[in-house]
Amino acid sequence: MVTTSSEKDNNPKSYYAFFDLDHTITGSVSGKELAVAAFKKGLMKRSDLATAIFLSFAHKTNLINPSRAIALMGKWVKGISVKTMEDLCSDVFTDKIMPSVYQEVFDELKFHRENNAGLVILSSTLHPLCIKMAEYLKMDDIICTELDSEEGILTGNPRGAFCYGDEKLYRLRAYCEKNNSKTQDAWYYGDALADLPALSVSGHPVCINPEKRLERIARKRGWQINYWNRK
């Protein structure tokens, strides 16, 4: 995790707004885009690509435990250098991720800045991609999945827990506590059922183009639902 905005200056934030990345800030899926790009560059075998695509579908449809699916998808990076992965993420961000950012995101960020909010990406997306997005959108901080490495080579394992599901709730709560802010004041933007724990703990849950199961829950609970389009 990068340095928090409250640690950078003496201007405490009024509250924090947390944003998921895939299908919330962007219309793209970073894991899929990374896998396809890695295959094209010879960093992934065809069988690994097929497995990655299946797992991406399977965890969305509950055919496999989501955490298990994410763990298996992360195995393809084993043996790749940190520098190679950073370069791959940079290319994918420029070519695929950045062009798919929803235009409405910029208005939402402007609203929160005008209210002295801290802006944080809270996503299972890999660290190098989250860094790029935070820089592009001029956000304050990131909380995301980081990959373990030894002597500059990725091990295929995460550094700590994957930032997914309940883990997002734990990290959101810990972040607010660290920065002397209340979760009741926090905003969380997400699109999937996996975002439900973080949405539930936030005082201002916002669902972006929610999948059907989340949409039903959001309507029942009276949560805000936004339908955004690509710019």
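This is a predicted model: local features need pLDDT of at least 70, side-chain atom pairs count only at pLDDT 80 or more; totals for chains, interfaces and linings use all residues.
1. Confidence of the model. The mean pLDDT of the protein chain is 87, and 84% of the residues reach 70 or more. Over residues 1-8 the pLDDT stays under 50. For residues 1-8 the model has 24 contacts beyond four places in sequence.

2. The sheet. An open sheet is built from 6 strands with parallel pairing, in the order E3-E2-E1-E6-E7-E8. Its edges are strand E3 (141-145) and strand E8 (224-226), each of which pairs on one side only. From one strand to the next, the twist averages 20°.

3. Pairing of E1 with E6. Strand E1 (residues 15-19) is joined to strand E6 (residues 187-190) by 3 bridges in the parallel sense.

4. Pairing of E6 with E7. On this side the pairing is again in the parallel sense, here over 4 bridges. Tyr-189 stands opposite Val-206 in E7. Between E6 and E7 the chain passes through helix H9 (residues 196-201), and this β-α-β crossover is right-handed.

5. Side chains of E6. In a regular strand, side chains alternate between the two faces of the sheet. In E6, Trp-187 and Tyr-189 point one way, whereas Tyr-188 and Gly-190 point the other way. Are these residues buried or exposed? All of them are buried.

6. Helices on the sheet. Helix H8 (residues 166-178) lies across E1, strand E2 (117-126), E3 and E6, and runs at about 150° to E2. Helix H10 (residues 212-221) also packs on the sheet, where it touches E6, strand E7 (204-208) and E8. The direction of H10 makes about 140° with that of E8.

7. Why is Thr-125 classed as buried? Its relative accessible area is 4%, and the class of buried residues takes in values under 20%. The side chain of Thr-125 makes a polar contact of 2.8 Å with the side chain of Ser-123. Leaving aside residues up to four places away in sequence, Thr-125 touches Leu-21, Asp-22, Ser-30, Cys-130, Cys-144 and Thr-145.

Technical notes
Residues are numbered from 1 along each chain as its sequence is written. Side-chain values use heavy atoms; hydrogens and water are left out. Two strands pair if DSSP finds at least two bridges between them. Helices (H or I, at least four residues) and strands (E, at least two) are DSSP runs, numbered from the N terminus. Axes are lines fitted to C-alpha atoms, for helices over the stretch in contact, and angles run from 0 to 180 degrees between N-to-C directions. Contact means heavy atoms within 4.5 Å. Buried means under 20% relative accessible area, exposed over 50%, partly exposed in between (1.4 Å probe, protein chains only). A polar contact is a pair of N or O atoms within 3.5 Å; within protein, one must be able to donate a hydrogen and the other to accept it, and residues adjacent in sequence count only if both atoms are side-chain atoms. pLDDT is the predictor's confidence in each residue, from 0 to 100. A crossover is right-handed if, with the strands pointing away from the viewer, the path from the first strand over the helix to the second runs clockwise.
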